[in-house]
Amino acid sequence: MDRILIPEHMWSSPKEDGRPKWDNKFQYILSCIGFAVGLGNVWRFPYLCQIHGGGAFLIPYFIALIFEGIPLLHLELALGQCLRKGSISAWRAISPYLGGVGVGSWMVSVLVSLYYNTVLTWVMWYFVNSFQDPLPWSVCPLNENRTGLNEECYESTAVNYFWYRKTLNITPDIAESGTLQWWLVLCLAACWAIVYLCTIRGIETTGKAIYVTAIFPYLVLTIFLIHGLTLPGATEGLAYLFTPDLNVLKNPRVWLDAATQIFFSLSLAFGGLIAFSSYNPPKNDCEKDAVTVAIVNSLTSLYASIPVFSVLGFKATTGYWDCLDRNIISIINEFDLPEQSIMRQNYTDWITFLNSSYPEKIAGLKLKSCDLQEFLDQSVSGSGLAFIVFTQAIILMPGSQAWAILFFIMLFSLGLSSMFGNIEGVFTPLLELQIISKSIPKELLSGIICLVSFLIALCFTLSSGSYWIDIFDRYAGSLPLLVIAFFEVIGVVYVYKIKRFSEDVKWMTGRKLNLYWQITWRFISPLLLVIVFVAFVTLQIQKPPTYTAWNPKHEDFPVKEEKAYPPWVQAICVLLAVLPCIFVPLVALFQLVKRTWRSKDPSFLPPEVFSCQEVNRNFSHPKK
Amino acid sequence: MLQVLLLTFSVVTVAHAELCKPDAQNAFKVRLSIKTALGDNAYAWDANEEYLFKAMVAFTMRRYSTKTTTQISNVLLCNVTDRVSFWFVVTDSSKNTTTVPGSEVEAAIRMNRNRINNAFLLSDKTLQFLKISSTLAPPVEPSTPVWLIVFGVVLCLIVAAIVFLVVAGIQQRKKKNKESTERENLEEKGEVTITIENGIPCETLDLKAGHINGVFSADDERFTSL
């Protein structure tokens, strides 16, 4: 037996290179899936399917998945696992000139966390309001002197009124900020408290929370699926959604939407995935993980669109029947016909008969033309789908409180598990930067992050807050990600050199990188990213940016008023889009200047180039 | 004699017909939707129901103003359609040739709308007096909004959980600090010699107990082959 003095780090157990780790592989996969599966799977993908030719949209979608989604996902997971560092330190380790990529993705995570949690605030507000009977968005309140219904509510609908007035208390213009809405401030505080609770110790706590927040939405989706399929009109909705119209494939817009949807749906370039995989043991099959996560994400989108469209079909059918019934009542009252003499089935026969005999009377009634297609065509995506369309459909279901509660808890879980990824993308790099001293406990750091984010996000609870969230979503959460992802691929493939990376991946997974990865990483994915970026920018530039405002005094009310952004708002949009991207060249330039300065110093040694395997040489592997 | 009777009868009928006709002065149109309200339990609208209606209106007029002595015969119905809709008018009990002003009838009906509805098992929507709008019921509002209660419950749970986790974390940290100060004290006294057997500190091995030493499992790559 040897008696030797061993330096600390050599006999420390695998956990103590200081780095926390996942409790088990399932937790890690679930966290990645939870991060990728978010609100967009429920309220953006079905909308895209609907407007882009139903089942035909799946073709560009899966092509984009194979050539863009999976390769980029594998790249990020492999990178994080190999370097075992958060985004900023990881990119700095790849090459000091690429440190800006990490800073850029950190910046995007910060911006997105701010507004994403405000969306969850709205979900929470609706959730706490779902415990009433009748649901508050189903009836219009009375006006001040109790002679009739509130005018704004009467002219639009009760659901619209509750959303725009009672929830957002929205101003007619983005320049009018209004005041802080105290009920939203309370809900925002609660949401950030929940986020703090779940991320208090980093992945130690999110790893436990993810079991609930990632699995629960699937349960609720299944319940909605079963219930939705039993509703009348569900089959019309599903047929409308899935009927393929192959002509749309000629429209380049469809391909662009498919590529962007896959990209944003997988939450690439946020740095969160790099953070998650950095807590893995290095010898983990990241290739299989990437394929699993990407496929589960896409299948979830498909699975979610079935209940969504059953419910939308139900809503359209009910709307159509209501329209018919209203017309029937008008006719019966006008002609004093017995009740139930005109039913929905023989409505058209009656109309033709009456039109031929009493055309002036019929014209005088001003009947609305009822067309089921028109109701089905009313497609909405985003918050409008959840808070206006779906809530209206829920009122029509028996037992609406239960359905509302289930629905909003599901949305909350979906959003929360994505927030975990966003916060990890902010938290992990900060932990590794030298500016944070090691003695600060993790709980304090996450508390500070949540508190500061809460204070900044208060500006989204102003009356004009939802306009600002749209801006953040359109500009901060879209363009910079494309740029960062492009530099990620280029950085790994051409700066770090793909040969070295292949060796690293082979060491981690035990298999050689096959041709598919080589081709997609080297050529196809960067090319696709450039094309998508250019197309995206072109489309944005073509028309001046506008927004639709809710203005009760507008002449076309309840149609929203289209307004242009004032110049100072446009400047902010540009700033949001450019700020994360600007770090890439800035940091590279800074490093260049530092190097040229330092290289004049004779004692200066150029930094060593390393590889993943050397980083992990001292890592003792757990027994399999 | 008979001729005089016939003449007065026809005069009265004509007078009545003139008083009650669509869009006559002080006349109101009523519309019932019995099948919509009652479905299978719907009753047929016949002369008996009309009699009940007249009785209800007469009752309403009497209740409204104690002065009036409206009789059932003072309420005139006309133009009954299959829809079921008809016009009615209330004649003055003292003089059979004039009608009670519409405002009085409207006020009376508004006051007793509930009773009239209930007599026919209908509601404001299914027994419509066109031109008489119903007063809307004020919404029931609880003293504390329900959402605030739910929100309070949720927030309390969250805060309790946060406090628990933070306190647990502090306690864990105190324990770790105590352990590391103990180890530091040991190290200050002398160097910690660790007996190593092929890279595993002996402390982890249980040499006293006589069971299989897991260190010697064959598939650990740390060990060089003999």
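What is the handedness of the crossing of α15(A) and α16(A)?

**Exercise 1.** Describe how these two helices of the predicted model pack, starting from their crossing.

Solution.
- Step 1: The crossing of α15(A) and α16(A) is left-handed.
- Step 2: Helix α15 spans residues 286-335 of chain A and helix α16 residues 347-357 of chain A; they pack at an angle of about 40 degrees, and their axes are 12 Å apart.
- Step 3: Angles under 35 degrees would count as roughly parallel and those from 65 to 115 as roughly perpendicular; α15(A) is therefore oblique to α16(A).
- Step 4: From α15(A), the residues L324(A), N327(A), I328(A), I331(A) and F335(A) meet Y347(A), I351(A) and L354(A) of α16(A).
- Step 5: Sorted by class, this contact has seven nonpolar residues, one polar residue and no charged residues.

**Exercise 2.** Find the disulfide partner of C140(A) and state which parts of the chain the pair ties together.

Solution.
- Step 1: A disulfide is a pair of cysteine sulfur atoms within 2.5 Å. By this rule there are two disulfides over all chains.
- Step 2: One of them joins C140(A) to C153(A), with S to S at 1.8 Å.
- Step 3: This link is left-handed, with -85 degrees about the S-S bond.
- Step 4: C140(A) sits in the loop between α7 (99-128) and α8 (151-155) of chain A, and C153(A) in helix α8 of chain A, so the pair ties together parts 13 residues apart in sequence.

**Exercise 3.** Compare a UniProt annotation on chain B with the model's secondary structure there.

Solution.
- Step 1: An unreviewed UniProt entry annotates residues 146-170 of chain B as "transmembrane region".
- Step 2: Over residues 146-170 the model has 100% helix and 0% strand in chain B.
- Step 3: The end C-alpha atoms of this stretch are 37 Å apart.

Methods:
Residues are numbered from 1 along each chain as its sequence is written. Chains are lettered from A and ligands numbered from 1 in the order in which they are written. This is a predicted model: local features need pLDDT of at least 70, side-chain atom pairs count only at pLDDT 80 or more; totals for chains, interfaces and linings use all residues. Side-chain values use heavy atoms; hydrogens and water are left out. Axes are lines fitted to C-alpha atoms, for helices over the stretch in contact, and angles run from 0 to 180 degrees between N-to-C directions. Helices (H or I, at least four residues) and strands (E, at least two) are DSSP runs, numbered from the N terminus. Angles under 35 degrees count as roughly parallel, over 145 as roughly antiparallel, 65 to 115 as roughly perpendicular and the rest as oblique. A crossing is left-handed if the near helix is turned anticlockwise from the far one by less than a right angle, and right-handed if clockwise. Contact means heavy atoms within 4.5 Å. Ala, Val, Leu, Ile, Met, Phe, Trp, Tyr, Cys and Pro count as nonpolar, Asp, Glu, Lys and Arg as charged, and the others, Gly among them, as polar. UniProt positions are given in the numbering used here, feature names are shortened, and annotations may be inferred rather than shown by experiment.
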